[in-house]
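Student: Could you take me through this structure slowly, one question at a time, and show how each answer is reached?

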Amino acid sequence: MLCPKCGFNSFEYNTNCPKCRKDLRSVRKQLSITATKPGAVNFFSLLGPADEMLNQTIRPSALPDNQRSGL
Ligand SMILES: [Zn+2]
């Protein structure tokens, strides 16, 4: 959420600008932003699938047999 008054970039869920205390709720209503405060549960559930995808990409056993014993 970019403050229209002072230009301070704060979190979307802030109702007031932490720098100049401008009410950001009216601005958010104009932009139709429906952001909620992120929780610890959401944070870890986002990390899980991404980590699994990374492991699948770099797993050596994914190589075909003829590429591993071809030499
Ligand atoms: Zn501000």
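**Reading the model**

Tutor: With 13 C-beta neighbours inside 10 Å, lysine 5 counts as partly exposed, since a residue is buried if 20 or more other C-beta atoms, placed from the backbone, lie within 10 Å of its own, exposed if 12 or fewer, and partly exposed in between. This is a predicted model, in which local features need pLDDT of at least 70, side-chain atom pairs count only at pLDDT 80 or more, and totals for chains, interfaces and linings use all residues. Residues are numbered from 1 along each chain as its sequence is written.

Student: Which elements does the protein chain have, and in what order do they run from the N terminus?

Tutor: Helices (H or I, at least four residues) and strands (E, at least two) are DSSP runs, numbered from the N terminus. By that rule the protein chain has 3 helices and 0 strands. Read from the N terminus on, the order is therefore α-α-α.

Student: Is cysteine 17 buried or exposed?

Tutor: Cysteine 17 has its place in the segment before H1, in a protein chain where 3% of the 71 residues count as buried. Because 21 other C-beta atoms lie within 10 Å of its own, cysteine 17 is buried.

Student: Which residues is lysine 5 in contact with, leaving aside its neighbours within four places in sequence?

Tutor: Two residues are in contact if their C-beta atoms, placed from the backbone, lie within 7 Å. Lysine 5 lies in the segment before H1, and its C-alpha atom is 9.7 Å from that of leucine 24, 19 residues apart in sequence. With neighbours within four places set aside, the contacts of lysine 5 are Cys17, Cys20 and Lys22.

Student: How far apart are the C-alpha atoms of glycine 7 and cysteine 17?

Tutor: Glycine 7 also lies in the segment before H1, and it is exposed, because 10 other C-beta atoms lie within 10 Å. Glycine 7 and cysteine 17 are 10 residues apart along the chain, and their C-alpha atoms are separated by 9.5 Å.

Student: What is the phi of arginine 21 near?

Tutor: Arginine 21 is found in the segment before helix H1 (25-31), and it is exposed, with 11 other C-beta atoms within 10 Å. Most residues other than glycine have a negative phi. Arginine 21, a residue other than glycine, has a positive phi, near 65°.
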